[in-house]
Amino acid sequence: MRMKKIVLMIVALGCATAVATATEPTLFEALAAPDSATQANVVVHQDSIMRAALEAQQVRGNETTMRGFRVQLFSSNNARTAREAAFKVEKTIREKLPHMAVYVTYTSPFWRVRVGNCPTHDDAQRLRQYLIEQLPQLSTETYIVPDQILLNQ
């Protein structure tokens with residue numbers, strides 16, 4: 001049983017395969033750099049809150065993304081209860097499996113909770129089986145779904 005847990009932990013961590021990449025400049029650093037042909041540069045005047053929001057959305061050099069799979073543990077479009085229920089499921093997962101990457105998303109009208117960053121369907125299937133064993137109360141809503149995943153996580 002201990003060996004099985006070790007293998008499953010390796011698979012879960014393997015879903016977050018690291019890929020080394022060079023650090024990319026932020027959008028604002030790229031705009032401020034002089035153009036190679038004309039030596040022209042752009043000056044952006046904006047509120048610091050807007051700048052922070054835009055930079056938070058930009059994929060950084062250490063967060064490489066690719067198409068892969070996640071395990072979905074919750075999805076609901078009930079306007080009155082879905083948000084609260086999604087965060088309750090997230091809390092349950094984080095308490096039981098603190099090492100696991102958990103993503104709560106809202107795409108109107110659905111709240112969803114997904115787990116993992118699996119490059120292959122086989123990795124996601126092993127992760128799904130592990131999650132069903134660890135969180136049997138969520139097993140009826142546990143599905144493998146294609147998603148944009150983060151590497152280096």
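The legends below describe an overview and several close-up views of one predicted protein model.

**Figure 1. Overview of the protein chain and its elements.** The model is predicted, so local features need pLDDT of at least 70 and side-chain atom pairs count only at pLDDT 80 or more, while totals for chains, interfaces and linings use all residues. Residues are numbered from 1 along each chain as its sequence is written, and side-chain values use heavy atoms, with hydrogens and water left out. The protein chain has 5 helices and 4 strands; helices (H or I, at least four residues) and strands (E, at least two) are DSSP runs, numbered from the N terminus. Their order from the N terminus is α-α-α-β-α-β-β-α-β. Of the 153 residues, 31% count as buried; buried means under 20% relative accessible area, exposed over 50% and partly exposed in between (1.4 Å probe, protein chains only). Among contacts with a separation of 6 or more, 72% are between residues 24 or more positions apart, where a contact means heavy atoms within 4.5 Å. The accessible surface is about 9900 Å², with 56% of it on carbon and sulfur atoms; areas come from the Shrake-Rupley method with a 1.4 Å probe, and for residues only the protein chains shown count as cover.

**Figure 2. The salt-bridge network of R70, R114 and D147.** The whole structure holds 5 salt bridges, each a side-chain nitrogen of Lys or Arg within 4 Å of a carboxyl oxygen of Asp or Glu. One of them joins D147 to R70, at 3.3 Å from N to O. D147 is in strand 4 (residues 143-150) and R70 in strand 1 (residues 65-76), so this pair ties together parts 77 residues apart in sequence. D147 also bridges to R114, with the closest N and O atoms 3.0 Å apart. D147 is buried at 17% relative accessibility, and R114 is buried at 15%. Shared partners join R70, R114 and D147 into one network.

**Figure 3. R70 over the ring of Y103.** R70 lies over the face of Y103, 3.7 Å from the ring centre. A charge sits over a ring if NZ of Lys or CZ of Arg is within 6 Å of the ring centre and within 35 degrees of the ring normal.

**Figure 4. The aromatic cluster of F87, Y106 and W111.** The structure has 2 aromatic pairs; rings of Phe, Tyr and Trp (its six-membered ring) pair if their centres lie within 6.5 Å, and planes under 30 degrees apart count as stacked, over 60 as edge-to-face and the rest as tilted. Y106 and W111 have ring centres 4.9 Å apart and planes at 40°, so this pair is tilted. Y106 is partly exposed, at 46% relative accessibility, whereas W111 is buried, at 16%.

Figure 5. The side chains of E95 and K91 meet at 3.9 Å, N to O.
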